[in-house]
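This briefing goes through the packing, the loop contacts and the charge pairs of the structure shown below. Please read it alongside the sequence and the coordinates.

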Amino acid sequence: MPSKGQIINQPMDGVLLMTNANIELNLRRREALKPELHTSYRYLCAPSNPTTTELFGDDLPKAVKDISDTNRITSKLSKETK
């Protein structure tokens, strides 16, 4: 008869393996979508961008707006320095 620790540890190991597989699949999905995105928005596919319940994070519109604002400011600064 297995002990209580074994009864608990085996299903927990299975849950951990499935969680790890899910994280890996999400990262691979992002990498597969990366070539389809405009070059400005490829940061959304970076591993440093957290995956939550949504593939690109919980607040995708805010992230897209931040990237757009940053790109607009950068283009203004680069035009002025030329």
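In this predicted model, the largest nonpolar core has 5 residues: Leu44, Cys45, Leu55, Phe56 and Ile67. The points below cover the loop, the salt bridges and a surface patch.

**Loop between α1 and α2**

- Asn49 sits in the loop between α1 and α2, the latter spanning 60-81.
- Asn49 counts as buried because its relative accessibility is 11%, under the 20% limit.
- A polar atom of the Asn49 side chain is 3.0 Å from the backbone oxygen of Leu44.
- Not counting residues up to four places away in sequence, the contacts of Asn49 are Arg30, Tyr43, Leu44 and Phe56.
- Pro47 belongs to the loop between α1 and α2 as well.
- Pro47 has a relative accessible area of 65%, so it is classed as exposed.
- Apart from neighbours within four places in sequence, Pro47 is in contact with Leu27 and Arg30.
- Pro47 and Arg30 are 17 residues apart along the chain, and their C-alpha atoms are separated by 8.8 Å.

**Salt bridges**

- The structure contains 4 salt bridges.
- Side chains of opposite charge can pair when their charged atoms come close.
- In helix α1, Glu24 and Arg28 are 4 residues apart, about one turn of the helix, and they form a salt bridge with the closest N and O atoms 3.1 Å apart.
- Glu24 is partly exposed at 37% relative accessible area, whereas Arg28 is exposed at 56%.
- Lys62 and Asp66 form a salt bridge whose closest N and O atoms are 3.0 Å apart; they are 4 residues apart in helix α2, so about one helical turn separates them.
- Lys62, at 47% relative accessibility, counts as partly exposed, and Asp66, at 35%, also counts as partly exposed.
- Asp69 pairs with Lys65 in a salt bridge, with 3.0 Å between the closest N and O atoms.
- Asp69 and Lys65 are separated by about one helical turn because they are 4 residues apart in helix α2.
- Asp69 is partly exposed at 22% relative accessibility, while Lys65 is exposed at 52%.
- A network of salt bridges links Lys65, Asp69 and Arg72.

**Nonpolar surface patch**

- Ile7, Ile8 and Met12 make a nonpolar surface patch of about 300 Å².
- Met12 lies in helix α1, residues 4-33, and counts as partly exposed at 45% relative accessibility.

Notes: Residues are numbered from 1 along each chain as its sequence is written. This is a predicted model: local features need pLDDT of at least 70, side-chain atom pairs count only at pLDDT 80 or more; totals for chains, interfaces and linings use all residues. Side-chain values use heavy atoms; hydrogens and water are left out. Patches are made of residues with over 30% relative accessible area and no salt bridge: like charges are joined within 9 Å, nonpolar side chains (Val, Leu, Ile, Met, Phe, Trp, Tyr) within 5 Å. Accessible areas come from the Shrake-Rupley method with a 1.4 Å probe; for residues, only the protein chains shown count as cover. A salt bridge is a side-chain nitrogen of Lys or Arg within 4 Å of a carboxyl oxygen of Asp or Glu. Helices (H or I, at least four residues) and strands (E, at least two) are DSSP runs, numbered from the N terminus. Buried means under 20% relative accessible area, exposed over 50%, partly exposed in between (1.4 Å probe, protein chains only). A nonpolar core is a set of buried Ala, Val, Leu, Ile, Met, Phe, Trp, Tyr and Cys residues joined through side-chain atoms within 4.5 Å. A polar contact is a pair of N or O atoms within 3.5 Å; within protein, one must be able to donate a hydrogen and the other to accept it, and residues adjacent in sequence count only if both atoms are side-chain atoms. Contact means heavy atoms within 4.5 Å.
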